[in-house]
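Open the model in your viewer and keep the sequence panel beside it. Each stop below gives a selection and says what is there.

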Amino acid sequence: MELEPLNSSYDNLLKENREMRKKLNQYEKAYPAKECPVCGHKGIDFIPFPNIIHKEVICPTCHCHERQRALWLYFQKNKNLINDGTKILHFAPEKQFKELFTSKDTEYHTADFNPGDYADADEKIDIQDIPYDDNYFDLILCSHVLEHVPDDMRALRELRRVLKPKGIALIMVPMNGVSYNLPYDEFKTLEKDEYNTPELREKHYGQFDHLRLYGADFKQRIFESGFELLGEDFIKNLGLETIERYALVRNEKIYECTK
Ligand SMILES: [Zn+2]
């Protein structure tokens, strides 16, 4: 057996390494690394989610979605919302927020209609009929819940009822043209009685257990429920660089509601 001279095999190794680094550089330029503000993960390996327009949805380390990264940044900038004694109501609680919401001596309530199914919640609550007194909570977080609720207007009115005057309810919903790209008017919410099977709902609303496909007119429902809107463009206002860095969705709204 004839051995290759040592130098030539090292030269080949160097060549291979150079080519690999070149490819990697090209790839990193085409797909810049994203960063998760929640857990610190950095990489190009964020995971897509079925039917969602954007490619980089789920953080491979903490499994948070775009909206949770945005809310995380929101609370970093609004730390004054969480204080000793703050009464918090968190629907479909994202586990990423537990530490933050209990970092002070708060009264933290986690709620879901089916606790244990998707979210690990302590209280079984129908959002259309919230078992708390008027003006009870300082802070309510309700993200991607209303699209699962039969009477979302009633739910919005209930959220407003249990919120303290000057309290904050943060509401997010998936929307056509923002989360989904379905062939319907992006300004008008789509909800039809005949879309009544998981298959039809998946086809028309984007997910099997959604009861409607919201359009930009969702804001109208917020006003109709009596809420006052303090803001909606937190994400857009972060600027393009931050949006890209944290793999956020520029047009996604965080509705900051009060009364
Ligand atoms: Zn993460």
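Predicted model: local features only at pLDDT ≥ 70, side-chain atom pairs only at ≥ 80, totals over all residues.

**Stop 1: the zinc ion**

Which residues coordinate the zinc ion? The donors are the SG atoms of Cys36, Cys39, Cys59 and Cys62, at 2.3 Å. Along the sequence these donor residues follow the spacing C-x2-C-x19-C-x2-C. Now look at the loops. Cys39 sits in the loop between β1 and β2 (42-43), and Cys62 in the loop between β2 and α2, so this pair ties together parts that are 23 residues apart in sequence.

Check the angles next. The four donor atoms subtend 102 to 113 degrees around the zinc ion, which makes the arrangement tetrahedral. The cut-off here is that all angles must lie between 85 and 135 degrees.

Cys62 is buried, at 12%.

**Stop 2: Glu35**

Select Glu35. This residue is in strand β1 (residues 34-35). Its relative accessible area is 18%, so Glu35 counts as buried; the limit for that label is under 20%. Show what surrounds Glu35. Leaving out residues up to four places away in sequence, Glu35 touches His41, Lys42, Phe46, Arg69, Arg245 and Tyr246.

**Stop 3: the sheet**

Switch to cartoon view and colour the strands. Seven strands form an open sheet, in the order β5-β4-β3-β6-β7-β9-β8, with mixed pairing. Find the edges: β5 (123-124) and β8 (228-231) each pair on one side only.

Strands of a sheet pair through backbone hydrogen bonds, either parallel or antiparallel. Which way do β3 and β6 run? Strand β3 (residues 87-91) and strand β6 (residues 137-143) run parallel, joined by three bridges. Ile88 stands opposite Leu139 in β6, and Leu89 stands opposite Ile140 in β6.

Move to the other partner of β6. Six bridges join β6 to β7, and these strands run parallel. Leu139 stands opposite Ile168 in β7.

Colour β6 by accessibility. Six of its seven residues are buried, so β6 is largely enclosed by the rest of the structure.

**Stop 4: the helices on the sheet**

Which residues of α4 are buried? They are Asp152, Met153, Ala155, Leu156, Glu158, Leu159 and Val162. What covers the buried residues of α4 includes β3, β6, β7 and α6 (218-224).

**Stop 5: Phe218**

Select Phe218, in helix α6. Its relative accessibility is 0%, so Phe218 counts as buried. Beyond neighbours within four places in sequence, Phe218 is in contact with Leu146, Leu156, Ile171, Val173, Met175, Thr189 and Tyr255. One of these, Leu156, is among the buried residues of α4.

**Stop 6: aromatic rings**

Show every Phe, Tyr and Trp side chain. How many aromatic pairs does the structure hold? There are 13.

Start with Tyr132 and Phe137. Their ring centres are 5.1 Å apart and their planes stand at 70 degrees, so the pair is edge-to-face. Tyr132 is buried, at 17% relative accessible area. Phe137 is buried as well, at 0%.

Finish with the cluster. Select Trp72, Tyr74, Phe75, Phe97, Phe101, Tyr108 and Phe234: together they form one aromatic cluster.

Key: Residues numbered from 1 in each chain as written. Heavy atoms only, no water. Helix = DSSP H or I, 4+ residues; strand = E, 2+ residues; numbered from the N terminus. Buried < 20%, exposed > 50% of the residue type's maximum accessible area, 1.4 Å probe, protein only. Contact = heavy atoms within 4.5 Å. Pairing = 2+ DSSP bridges. Donors = N, O, S within 2.8 Å, 3.2 Å for Na, K, Ca; no water. Tetrahedral: all angles 85-135°; square planar, octahedral: opposite > 155°, others 65-115°. Phe/Tyr/Trp six-rings, centres within 6.5 Å; stacked < 30°, edge-to-face > 60°.
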